[in-house]
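Thanks for coming, everyone. Please put the structure up on the screen, and I will walk you through it.

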Amino acid sequence: MAKNLTEDAVRDLARDILGLVDSDVARAGVGQLTTFNQLGFAGVADKPDGWYLPNNKAEVALVLETKATRIALGKAQVDEVLKNVRIVQTQYEKVVGVLYNGEDVRVFKGEEEVKTPDKLQHVGYYLSLYTVDSIDKERIYQLTARINNCLHFEFGIKNLYHRMIFTACALVAERYGAGLKRLKNLGYETFHTAIHSTLAKSLIASRKQNAKIDILLEEYSDIKMNTTDNQKAINDFIDWVVEISECVNSNEWRGEDVMGIFFNEFNRYKKKSESGQIFTPEHITDFMYKILEVNMDDYILDATCGSGGFLVKAMANMIREAGGMETKKAGEIKSKQLYGIEFDREIYALACANMLIHKDGKTNLEQMDTRSEAACEWMQSKPITKVLMNPPYENKYGCITIVENVLDSVPAHTQCAFILPDKKLEKASKTQVKRILKNHRLRKVIKLPEDLFFGVGVTTSIFVFEAGIGQDGKEFFACYMESDGLATVKNKGRHDVYGKWAAIEAHWVDVVEKQSGDDTCQWVNPAEHLSYQMPQKPFEIFEEDFRKTAMDYLMFQQGIDAKAFGEKLLGAALYSSRVSADGESVTLTMRKGGSCDVED
């Protein structure tokens, strides 16, 4: 590094290394003349040496202070950069302050100095200082439990989905710049209005493409509370939502379905949706993604998308394969490759919120009935390559009709995976199932663990079809994943507390791909069964059983009631008999003519 650089030279050097240039997402630059007032901080005449100010004020901002090389970076210089950090914090929750003299660099995360590389880095490095390095899912569950209890008992929101929608909208608002922490101690109306205003602004572009997105705003506005004057509860809620938002924004995020996590916690208050939804456990959405061999070029459909769990998981996996959130392909995946339908209005609002939390995908969600002709036409207009679904199971919600409509509406050879009750196809209308198998082929059935849907009491399998190719009597592969290794945690559902799932999943992905490799593997004739067949235990007879049957028959010949005789014999043995034993046997002696009238 050249010595004795002037402050102007250091500033220009910092601009080039940090990459401080204006863009569509942020105002950025360096200078001597620009004031904070000109940058949008009304009435502040101070002049920063450099700045990076995102349009979305929920994101990380950076302020730069430069000095000539000959000036050491001591307390006076630190005080100067921290003063500018505090100015920027009036609008941004997360601010990085960088102090630089051409040789040395000191960096502050807020007002706390942090250790960074000795040489100045690109701005992206400093922005990442606020990124959560790992996701503690247990912590998310704890926070969700607190949020749920707060909304339920402190604010009096009795409806399960209203609690979920209110939380989801707060999360979306935080992700799009509401800066919820700045709303602490300002009262409920200010807090409520800020969320609504941020949602409305963030959805402007989306509403031009899909008017139904307004449902999210309408559902939020309709939520009523019993009380709104508990400022401590409001402040706590804000802290908890902000912490969850930081986890979702983490580089370590792997598509954990935020709405699914909420539902698992809120589910303790209401076991099942009134519209028939059973929300899919996250590890199973990932497993289905893998057995269908989904890749970053696929176009995914979930025609009963619920809160959007399959779509979020697919989004995360596809973007990771594409190289990360900042790639051009990631933008294409979010905007063009994820399609969902949800009939229930409140659940649809949650799905929209879920996709918004994860930064897009929302314009390809539709609120409609998958049983309808309109839904079929909508699906037919999309270039679907893979289907991942967990439709409502009850006949009154049209389970098999939904399956048939999806299979009929996607291109030939599309792989479609449905979670259904084990015997659903066998119990459905024979005419309808015959029609499905005439036009589509059941390829695989993977019976899932019987305790998978905790507290619901239904056993399920994954049914993998190939659309547009008739069964033609061909057998299908079936297997039974008897356990997923998860354990039930009190009040928290089922979790991988022993770390077994990764190995179990790898085994079953391999089994399903090779269609062999496990004792449960079988090939099933569709003319006989349409489900995995539990092996029948071999018939065995023991000498004791033979003797009992022979005795029962002899008593029948003598006209003796075997049950009554047994009760009398037991009574005599207990109360009026004498028991003796030798090395080989036990002898029971009763008086002749005793209460059970047994002859010698």
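Cys 416 is buried, with a relative accessible area of 0%. Buried here means under 20% relative accessible area, with exposed over 50% and partly exposed in between, using a 1.4 Å probe and protein chains only. A word on what you are looking at: this is a predicted model, where local features need pLDDT of at least 70, side-chain atom pairs count only at pLDDT 80 or more, and totals for chains, interfaces and linings use all residues. Residues are numbered from 1 along each chain as its sequence is written, and side-chain values use heavy atoms, with hydrogens and water left out.

For Cys 352, the nearest cysteine sulfur belongs to Cys 305, and that is 8.1 Å away.

Next, strand 11, residues 415-421. Six of its seven residues are buried, so strand 11 is largely enclosed by the rest of the structure. Helices (H or I, at least four residues) and strands (E, at least two) are DSSP runs, numbered from the N terminus. Two strands pair if DSSP finds at least two bridges between them. Strand 11 pairs with strand 13, residues 460-466, in the antiparallel sense, over seven bridges. Gln 415 has Glu 466 as its bridge partner in strand 13. Strand 11 also pairs with strand 10, residues 386-389, this time in the parallel sense, over four bridges. There, Leu 388 stands opposite Ala 417 of strand 11.

Nine strands form an open sheet with mixed pairing, in the order 9-8-7-10-11-13-12-14-17. Which strands are at the edges? Strand 9 (365-367) and strand 17 (522-524), each pairing on one side only. From one strand to the next, the twist averages 20°.

Strand 1 runs antiparallel to strand 2 (residues 50-54), and five bridges join them. Axes are lines fitted to C-alpha atoms, for helices over the stretch in contact, and angles run from 0 to 180 degrees between N-to-C directions.

Last stop, a helix pair. The axes of helix 15 (residues 373-380) and helix 16 (residues 399-409) come within 9 Å and cross at roughly 35°. Which residues make the contact? Cys 376, Met 379 and Gln 380 from helix 15, with Asn 405, Val 406 and Ser 409 from helix 16. Contact means heavy atoms within 4.5 Å.

To close, the whole protein. It has 21 helices and 19 strands. Buried residues make up 52% of its 600 residues. Of the contacts with a separation of 6 or more, 72% come from residues 24 or more positions apart.

Definitions and conventions. A disulfide is a pair of cysteine sulfur atoms within 2.5 Å.
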